[in-house]
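Have the structure open while you read.

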Amino acid sequence: MSGAVVSLATAAAGRRRDSRRDAGGPLVLLALAFVGVLVIAPLALVFVEAFRKGFAAIAEPDALAAIRLTLLTAAIVVPLNTLFGLAAGWALTRFDFRGKSVLLTLIDLPFAVSPVIAGLLFIQLFGTRGPLGAWLGERGLQVVFATPGIVLATLFVTFPFVARELIAFMETQGREQEEAATVLGASGWQTFVRVTLPNIKWGLLYGVILCNARAMGEFGAVSVVSGHVRGETNTMPLHVEVLYNEYQLSGAFAVASLLTLLALVTLAARHFIESRKGEPS
Amino acid sequence: MKRFALPGFGLSTGFTVLYLGLLVLIPLSTVVVNTLNLSWPAFWAIASAPRAVASYRLTFGASLLAALINGVAGFLVAWVLVRYRFPGRRFVDALIDLPFALPTAVAGITLATLLGPRGWIGAPLAQAGIAAAFSPFGIVVALTFVGLPFVVRTVQPVLEDLAPELEEAAATLGATAGQTFRRVLLPHVLPAAITGLALAFARSIGEYGSVIFVAGNMPMRTEITPLLIVTKLEQFDYAGANALALVMLVVSFALLLAINGLQRWSAR
Amino acid sequence: MIRMLLTFFLFTLQAQQPKSVQLLNVSYDPTRELYQEINAAFARQWKAKTGQTVVIRQSHGGSSKQARAVLDGLQADVVTLALASDIDALAAAGLVARDWQRRFPHNSAPYTSTIVFLVRKGNPKKIRTWDDVVRPGVSVITANPKTSGGARWTYLAAYGYALEKSRGNAAQARAFVARLYRNVPVLDSGARGATTTFAERGIGDVLLAWENEAHLALRELGAGRFEIVVPPSSILAEPPVAVVDKVVARRGTATVARAYVEFLYSAEGQAIAAKHAYRPRSGGLWSAAAPAAALHAAAPAAAGASRAAAGAAAVQSGPAPLRLFTVAQLGGWAAVQKAHFADGAAFDRIFEVWQ
């Protein structure tokens with residue numbers, strides 16, 4: 001499912017010719033109208049509503065707690081998934097073995113699973129009725145309806161991002177450089193750090209940024225697993241819903257605008273990386 | 001004797017399998033285990049209940065329609081982005097990924113406000129007698145939003161890679177623009193377009209946050225399957241929630257395999 | 001000597017009490033604003049009485065949804081839900097004592113409420129009774145009875161009315177309720193979601209809401225936009241509260257939790273409830289116009305007087321005084337749950353006949 005992650009590898013392989021025709025005609029207008037209605041209008045609405053009078057809502061304790069929880073979740077989820085992405089990229093592109101396609105499909109799975117099902121899975125695993133429920137309850141450990149559950153659900157939903165990006169990238173690059181390094185006597189770590197990492201840095205960076213955006217923005221899975229305890233287990237997207245339900249439409253959009261800014265930064269980063277990937281590393 | 005040319009097989013594969021096992025397989029197994037507790041007839045009764053079937057029709061139908069719209073419109077957008085120069089092209093190009101990067105809840109409340117009876121789009125539509133929000137129409141719009149980047153981003157690289165010599169050759173051989181498009185370009189681009197369409201479809205069937213604010217959530221009419229799963233869970237109907245989750249998982253898995261097959265086919 | 005020992009003893013006792021304690025109140029959807037005020041008042045009172053700081057966290061959502069979360073492990077010290085059967089589910093799982101309803105006065109319901117209609121200003125569709133609500137062409141907003149407690153009270157209010165009107169003919173009553181849901185375009189999962197849909201998004205001609213929700217909507221969104229219509233008969237809703245014994249035993253918060261629930265019955269607690277348009281058990285605090293006046297008087301000073309007057313005027317009574325029937329008269333929660341809200345029961349069947 002490399003297409004889903006907007007693989008830079010394919011773009012890197014392409015050659016861009018400037019055989020563009022100058023602005024013309026009904027086709028362009030039609031395309032622009034489509035994008036305008038579907039993408040630009042919602043984007044504009046977020047900021048228009050937020051600026052109406054909403055920004056005070058961000059300073060409230062519940063909103064600040066939500067921001068803290070979102071940042072904490074991302075701070076745990078992104079490094080873990082990056083580690084996984086690196087391991088999976090190495091394992092799946094540098095070796096050939098049976099069962100590779102099974103692993104690849106498993107990595108793709110969260111893309112196809114509805115986020116509410118993801119939430120359901122963790123409730124069933126760690127809730128009081130689940131296999132671990134009694135054990136956790138005796139020790140007073142809270143997983144679901146608390147931060148650990150939110151982290152787990154977010155981990156599940158976002159781990160493919162880094163992995164898939166790296167797999168596509170590393171596949172395209174081939175193994176020759178690493179093999180040459182090994183032949184020349186470099187150890188595994190040396191090869192990895194000195195040869196692989198510099199080569200994949202743009203793909204890695206983009207995967208990390210995308211994973212981060214999705215980790216901070218996840219709603220469905222977290223909604224099922226969170227206890228909706230105000231000031232404690234509400235992330236920013238959940239807090240947006242809370243404000244929306246408390247007649248604070250502008251406040252909801254104010255918090256939403258923070259998340260939208262993050263999305264725009266993600267887009268800008270992609271654009272930036274895309275323009276840099278052409279440079280030799 | 002070394003099996004592989006490069007080191008690190010054990011560590012990397014081991015970690016990968018461990019992570020996948022803990023994070024994916026074990027949680028997924030809870031659905032399977034819980035559903036196995038049901039007898040086959042009981043499972044079938046839940047999975048084929050009229051309300052569930054209505055939700056499948058809506059979810060898969062709306063997703064398919066949205067994917068088809070994206071197939072056509074996304075192709076058009078990709079075409080325009082690759083082949084034309086116009087002011088703001090880079091800006092539009094960057095924005096295409098917005099549905100991908102934007103949190104689903106934000107998309108949800110924004111689209112619900114936009115399509116509501118007082119919204120920028122909903123108000124004029126309401127005047128024309130079309131109920132935009134709380135109808136299948138609204139759901140299709142939300143799913144089109146969600147799936148837009150998939151088609152555009154799968155088709156774009158292929159269009160960019162298209163050697164101009166192909167079209168020039170066709171032109172010298174006397175083909176019209178239309179014929180060139182149909183017989184030369186389309187076959188090249190079609191696999192990517194279909195892959196993008198399938199990706200958009202797969203994403204749409206599971207979509208929750210973007211849709212529940214704008215959907216009506218009326219049983220049998222505007223209730224999507226993910227919402228039905230959540231509703232059953234909230235009613236203490238764990239068996240029902242798991243049964244439906246299993247249905248969705250099976251469909252998603254089959255779709256994944258199909259998409260991977262498609263990608264392998266189009267890479268040839 | 002004895003005095004010295006006593007002082008010493010009391011000092012150590014006090015020192016043993018932790019400086020701050022935290023409670024989690026898992027509540028149903030519309031009580032957000034109520035408990036914000038109650039929690040602040042209780043914290044003040046508790047601090048003055050014991051010197052201990054108590055922080056009360058809130059969680060809100062559809063009543064059954066919240067009960068399910070508590071069943072699955074949400075560590076609630078206190079639950080304040082919309083109906084008894086949701087707390088019964090907790091009792092069945094051993095989280096709450098089986099005789100929970102007798103632990104506090106009035107069947108553990110410190111306040112009551114009812115279901116009223118919220119309509120657009122001027123009541124253009126002339127909705128005054130339950131019969132008007134089922135008229136074709138009237139768009140009705142209510143929440144999903146399967147997840148929202150308020151929506152279940154609403155369903156039963158309509159059903160009870162139809163049952164009475166048809167002189168006990170259950171089939172006719174069910175048909176009446178089916179006509180009502182035919183008029184519903186969108187089903188939110190909680191009472192607050194339904195209010196938002198009606199009031200902020202502008203959908204529907206009438207909202208079937210908790211009385212307190214209706215008053216709050218008037219206050220928050222302007223009395224000039226909506227009116228409350230009180231139907232001639234409606235249901236007496238008794239949202240109950242309980243201490244979650246298993247959780248407070250483990251967390252050691254039993255004393256505070258009990259005091260918190262008792263606070264709801266105290267003079268101050270009851271006054272706050274009345275202010276938020278919940279009908280308190282203490283007599284004399286309630287009259288139909290009182291909550292309107294109190295709520296709107298609390299509005300910003302600049303608009304104060306005129307808004308209070310507008311608010312009071314916005315409450316209209318139906319043609320006859322409000323008659324309230326109870327769920328006991330309909331057979332009790334167990335029977336009602338089985339007949340209407342269980343899987344495949346009357347509510348589900350309403351929708352299956354469509355298509």
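## Two helices across the A–B contact

In this predicted model, helix H5 (residues 115–126) of chain A and helix H12 (residues 225–234) of chain B have axes that come within 9 Å and cross at roughly 30 degrees. Angles under 35 degrees count as roughly parallel, so that's what H5(A) and H12(B) are to each other.

Which residues make the contact between H5(A) and H12(B)? From H5(A) you get Val116(A), Ile117(A) and Leu120(A), while H12(B) brings Pro226(B), Ile229(B), Val230(B) and Leu233(B). Sort them by class and you have seven nonpolar, no polar and no charged residues.

## The rest of the A–B interface

Zooming out, 82 residues of chain A and 80 residues of chain B take part in the contact. On chain B's side, helix H1 (residues 9–36) has the largest share, with 15 residues. By class, that side of chain B has 57 nonpolar, 17 polar and six charged residues.

## Where chain C meets chain A

Chain C puts 20 residues in contact with 20 residues of chain A. On the chain C side, the elements that give two or more residues are strand E2 (53–60), helix H3 (63–72), helix H9 (191–199) and helix H10 (211–221). E2(C) gives the most, with four residues.

## Inside chain C

Chain C is assigned two domains: domain 1 covers 14–110 + 238–280, and domain 2 covers 114–236 + 310–352. Their C-alpha centres lie 27 Å apart, and each of the two domains puts 19 residues into the contact between them.

On the domain 1 side, H3 and helix H4 (84–92) of chain C are the elements that give two or more residues. H3 of chain C is also among the elements giving two or more residues to the side that touches chain A. The domain 1 side that touches domain 2 splits into eight nonpolar, six polar and five charged residues.

## How confident is the model?

Overall, the model scores ipTM 0.84 and pTM 0.83. Chain C averages a pLDDT of 83, and 83% of the residues score at least 70.

Key: Residues are numbered from 1 along each chain as its sequence is written. Chains are lettered from A and ligands numbered from 1 in the order in which they are written. This is a predicted model: local features need pLDDT of at least 70, side-chain atom pairs count only at pLDDT 80 or more; totals for chains, interfaces and linings use all residues. Two residues are in contact if their C-beta atoms, placed from the backbone, lie within 7 Å. Ala, Val, Leu, Ile, Met, Phe, Trp, Tyr, Cys and Pro count as nonpolar, Asp, Glu, Lys and Arg as charged, and the others, Gly among them, as polar. Axes are lines fitted to C-alpha atoms, for helices over the stretch in contact, and angles run from 0 to 180 degrees between N-to-C directions. Angles under 35 degrees count as roughly parallel, over 145 as roughly antiparallel, 65 to 115 as roughly perpendicular and the rest as oblique. pLDDT is the predictor's confidence in each residue, from 0 to 100. Domain bounds come from an automatic or database domain assignment.
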